[in-house]
Amino acid sequence: MVRWREMKTGLGAGAGLMGVALLVVMIGSCATPGGRETAPAPRLSPADQPGPAVAAVQGEPLMRVRIAAGETQVELTSPTGRLTFGANEANAPADRQRQFATPVKVTRDAQGFLIESANQHLRWNLPALRVTSPQPVHFDGNQYPGTLVLIPQASTAPAKFDVIELTPLETYLPGVIAKELYSDWDPQAYRAQAIASRSYALYQRKLRAGWHYDIVDTTGGQVYIGLTQNPTALAAVRDTRGQVLAHDGYVVPAFFSADSGFRGANAADAYPGFPDMTPLRPASHQGLPYVSPHKQWGPIARNGSDL
């Protein structure tokens, strides 16, 4: 059973997820298309819930998206022709910021970051380097609307660093669903994906609370391309703002895949150590239109010597 309701968080008018009245897709028991319901999973304790409590998500979260890993050199540009580099502080004082004309090349070694442009050269021994611009930062063929932070991977590999984008959740989502879905798919599919991706992002954010990033931009998390002009993606995120999948008051880790071969797997079977959750138990797609060319997954006979 699926139903919509408006959450009352007790935080005052307009409070809750994204700073607006929270709409939650409440998921109850699982059912097959014929109406037969599967047995519910045992109820999880708060400590075992993989997703955050709905009431705990207040204001629009800031996502830390890893857009590159283990880099030894990056080149950054901006439509403004200038980028500001500085300490990884939200409001760094002027003496801890420097402006560079683009393009800018950044490398790193045991002595810190080396920032170079056509007429400027600076070595800066900072634990992390923040990059800001009033316009999107261009990197590796994509445009990123948020702040970039370059963070060394480890003291054992001082020359390698990760590139993290700090961007509000609702700004992040269009760049996910524009890449995860085909451009000619129905707007309703985009809306459903927006809700699933928003829920999955919040789950990942809780999962990596102690890390230097929340989620990656590959199929290891959700594919993300930065800024997009895809009108269907932009509209879907806007139309579903603040809507998440929830069960028993907690955001559901909304796993999704390109194809499930007529029947999805139980998340507890697919991910060792993941709890058994009623909404993430498998359900048959029999009786529903299904036209994927990959829908027949087997069984396929294999010789043991081939494996």
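Predicted model: local features only at pLDDT ≥ 70, side-chain atom pairs only at ≥ 80, totals over all residues.
Local features were taken from residues with pLDDT of at least 70 and side-chain atom pairs only at pLDDT 80 or more, whereas totals for chains, interfaces and linings use all residues. Residues are numbered from 1 along each chain as its sequence is written, and side-chain values use heavy atoms, with hydrogens and water left out.

The protein chain contains five helices and 17 strands; helices (H or I, at least four residues) and strands (E, at least two) are DSSP runs, numbered from the N terminus. Of its 307 residues, 43% are buried, where buried denotes under 20% relative accessible area, exposed over 50%, and partly exposed the range in between (1.4 Å probe, protein chains only). The chain exposes about 15900 Å², of which carbon and sulfur atoms supply 52%; accessible areas come from the Shrake-Rupley method with a 1.4 Å probe, and for residues only the protein chains shown count as cover. Among contacts (heavy atoms within 4.5 Å) between residues at least 6 apart in sequence, 65% join residues at least 24 apart.

In soluble globular proteins, nonpolar side chains tend to be buried together. A nonpolar core is defined here as a set of buried Ala, Val, Leu, Ile, Met, Phe, Trp, Tyr and Cys residues joined through side-chain atoms within 4.5 Å. The largest such core has 57 residues, of which Leu-76, Phe-85, Val-106, Leu-129, Leu-150, Val-163 and Tyr-172 touch the most other members. Helix α3 (residues 187-207) supplies the largest share of this core, eight residues. Another core, of seven residues, lies apart from it and includes Ile-151, Ile-164, Tyr-213 and Val-216. With neighbours within four places in sequence left aside, the contacts of Val-163 include Val-65, Ile-67, Phe-139, Leu-148 and Leu-150.

Helix α3 has 21 residues and reaches 30 Å from its first C-alpha to its last, close to the 30 Å expected at 1.5 Å a residue; the expected span is 1.5 Å times one less than the number of residues. At the start of α3, a side-chain oxygen of Asp-186 reaches to within 2.7 Å of the backbone nitrogen of Gln-188.

The structure holds ten salt bridges, each a side-chain nitrogen of Lys or Arg within 4 Å of a carboxyl oxygen of Asp or Glu. In one of them, the side chains of Arg-198 and Glu-170 meet at 2.8 Å, N to O. This pair links distant parts of the chain, with Arg-198 in helix α3 and Glu-170 in helix α1 (residues 169-172), 28 residues apart. Both Arg-198 and Glu-170 are buried. Asp-239 forms a salt bridge with Arg-191, the closest N and O atoms being 3.5 Å apart. Here the link is between Asp-239 in helix α4 (residues 231-239) and Arg-191 in helix α3, 48 residues apart. Asp-239 is partly exposed at 39% relative accessibility, as is Arg-191 at 28%. A network of salt bridges links Arg-191, Arg-238 and Asp-239.

A salt bridge also joins the side chains of Glu-116 and Lys-105 (3.6 Å, N to O). Glu-116 lies in strand β8 (residues 112-116) and Lys-105 in strand β7 (residues 104-109), so the pair ties together parts that are eleven residues apart in sequence. Glu-116 is partly exposed, with a relative accessible area of 21%, and Lys-105 is partly exposed at 30%.

Terms used
Polar contact = N/O pair within 3.5 Å; in protein donor to acceptor, adjacent residues only side chain to side chain.
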